[in-house]
Amino acid sequence: MTTAAPIEKKSLRFKARSFVAFALTPEAPISDWLHRLDRWTANSPGFFEGRPVVLDLSLLKPGSNDVTALVSQLSQRRIRVYAIEAAGVEDLGPDLPPLLIGAKETLIEDIERTSQALDAPQTGELPKPDTKIIDQPIRSGQSIFHPHGDVVVLGSVGSGSEIIAGGSIHIYGTLRGRAFAGASGCESARIFCRRNEAELLAVDGWYRTADDIEPSSRGRPIQAYLDNGVLWVTALD
Amino acid sequence: MAKVVVVTSGKGGVGKTTSTAALGAALAQSGKRVAVVDFDVGLRNLDLVMGAERRVVFDLINVTQGVANLSQALIRDKRIDSLFLLPASQTRDKDALSEEGVAKVIAELREKFDYVLCDSPAGIERGAQLAMRFADEAVIVTNPEVSSVRDSDRIIGLLDSRTLRAEKGESLAKHVLITRYDAARAARGEMLTIDDVLDILSTPLLGIIPENEGVLRSSNVGSPVTLNEPNNVAARAYIEAARRLQGEDVPLVLPAERKGFLDRLFGRRAA
């Protein structure tokens with residue numbers, strides 16, 4: 001049987017995305033640091049043009065007035081600060097860019113190389129297929145995050161756990177937790193499982209909770225996929 | 001070679017302490033040297049269930065901090081010579097436990113005993129993580145209901161990631177012990193079935209302990225049920241579980257509902 005009904009309720013669309021930003025870490029004294037910055041940008045004019053810049057205040061630890069002054073100093077240099085990273089600071093007020101947490105280091109060379117590879121496929125360097133295979137059950141409370149590729153789980157996915165994949169998700173046991181496929185913006189991603197007891201299914205940000213999934217698909221092998229912005233859940237048997 | 005077994009569950013009130021006492025006593029009854037260790041610092045109960053609360057002088061915290069020797073803190077059971085209790089401290093909290101201190105105590109216990117049973121506190125925080133930290137095996141106590149099973153699933157995830165064995169890439173044997181199983185309620189579909197529980201946890205079964213008033217009765221008089229009422233169905237189930245824990249192959253029988261002659265004649269009364 002392969003019947004399914006589209007969701008009637010309009011649901012909200014949200015998804016997680018990661019971007020690469022340049023973090024500037026000013027040091028005291030600030031006038032010296034600005035001087036060094038000016039010298040550096042004189043050598044590479046236009047480096048910050050159109051690039052998102054995050055202000056990392058972990059070394060400087062300034063007061064909020066100083067932050068305002070620093071942001072305007074940078075904008076005079078055509079460096080637009082789109083977020084601020086400052087440990088231990090709760091709120092900077094509405095006039096300043098928002099606070100960011102959970103930063104990860106990344107290599108700029110890596111990104112440039114990847115984008116070159118994508119721009120120029122004739123060089124013969126194809127990106128490697130990246131599938132994550134998990135041969136153990138996913139337990140409650142575990143979170144599997146695999147932003148670039150498919151996730152294959154040979155066991156079951158427990159209630160209260162989640163899988164977030166850039167590509168498709170294949171589960172050969174029972175899915176009792178939450179599955180987010182196509183999480184980096186891939187609407188052709190799908191979710192497959194041998195037995196559907198899911199708490200939530202999502203593809204490219206479109207989601208359905210257990211309450212919105214047809215009861216007829218519970219306990220059965222299913223796939224979930226997007227068609228014209230509607231998340232379909234259909235039985236595979 | 002001593003085996004360190006953590007008795008854990010995630011959820012509270014499912015029968016960790018009762019099961020630690022019953023399994024510990026059953027292992028000792030079969031001739032093994034057994035230490036049961038209460039890790040529930042601040043909310044100690046194992047001493048009560050073992051009937052040793054009036055003989056506690058030193059506790060686990062004292063030993064980890066070097067205030068007392070292990071031999072001073074261990075309390076020998078009055079009924080079985082080879083059963084010992086290391087009580088928790090009631091006046092401290094879990095922050096008083098240090099990983100180095102626990103490592104030292106467990107290493108010392110390993111030299112003296114065949115089995116070291118660690119009674120874990122509920123939850124997934126520091127106390128529970130230190131109780132499982134040095135374990136070779138784990139008994140996961142679960143009631144056949146959804147919240148208990150989900151919490152057990154969470155604990156199994158921690159056992160596979162936060163124990164020393166897991167971090168070294170070695171295997172840690174895990175067993176599910178289903179307690180408070182009520183055959184009549186399961187037959188009416190009011191509880192998860194054994195198959196449901198095992199399907200969700202995908203972990204081997206150590207035993208099924210039927211719901212039985214003898215268990216609470218024994219706890220209240222301070223005696224593990226396997227000692228107090230050895231012929232009780234729950235006690236027999238614990239004794240068989242202890243034999244399986246030692247690697248024996250004991251066939252598992254689902255506790256059936258016993259129907260008396262009158263019950264059969266008139267049907268069951270509503271529970």
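**Sheet, core and contacts**

Reply: In chain B, eight strands make up an open sheet of mixed pairing, in the order S3-S4-S2-S5-S1-S6-S7-S8, where strands are DSSP runs of E with at least two residues and helices are runs of H or I with at least four, both numbered from the N terminus, and where two strands pair if DSSP finds at least two bridges between them. This is a predicted model, in which local features need pLDDT of at least 70 and side-chain atom pairs count only at pLDDT 80 or more, while totals for chains, interfaces and linings use all residues. Residues are numbered from 1 along each chain as its sequence is written, and chains are lettered from A and ligands numbered from 1 in the order in which they are written.

Me: Is S6(B) buried or exposed?

Reply: Six of the six residues of strand S6 (residues 137-142) of chain B are buried, so the strand is largely enclosed by the rest of the structure; a residue counts as buried if 20 or more other C-beta atoms, placed from the backbone, lie within 10 Å of its own, as exposed if 12 or fewer do, and as partly exposed in between. The burial applies to both faces, with B:Glu137, B:Val139 and B:Val141 on one side and B:Ala138, B:Ile140 and B:Thr142 on the other.

Me: What about S2 and S5 of chain B?

Reply: Strand S2 (residues 34-38) and strand S5 (residues 115-119) of chain B run parallel and are joined by five bridges, with B:Val37 opposite B:Cys118.

Me: Switching to the largest nonpolar core, which residues touch the most other members?

Reply: In that core of 80 residues they are B:Val5, B:Val116, B:Leu117, B:Cys118 and B:Tyr238, a nonpolar core being a set of buried Ala, Val, Leu, Ile, Met, Phe, Trp, Tyr and Cys residues joined through C-beta atoms within 7 Å. Helix H13 (residues 233-245) of chain B gives the largest share of this core, eight residues. A second, separate core has 32 residues, including A:Ile163, A:Phe180, A:Ile191 and A:Cys193.

Me: How many residues of chain B are in contact with chain A?

Reply: Seven residues of chain B are in contact with 10 residues of chain A, contact meaning that the C-beta atoms, placed from the backbone, lie within 7 Å. Helix H7 (residues 146-162) of chain B supplies the largest share of the chain B side, five residues.

Me: And how is chain A divided?

Reply: Chain A has domain 1 (22-105) and domain 2 (132-235), with bounds from an automatic or database domain assignment, and the centres of the two domains, taken over C-alpha atoms, are separated by 40 Å.

Me: Where is the hairpin in chain A?

Reply: Strand S13 (residues 222-227) and strand S14 (residues 230-235) of chain A pair in the antiparallel sense over six bridges, with A:Gln223 opposite A:Thr234. S13(A) and S14(A) form a hairpin with two residues between them, and A:Asn228 in the turn has a positive phi of about 55°.

How values were computed: Two residues are in contact if their C-beta atoms, placed from the backbone, lie within 7 Å.
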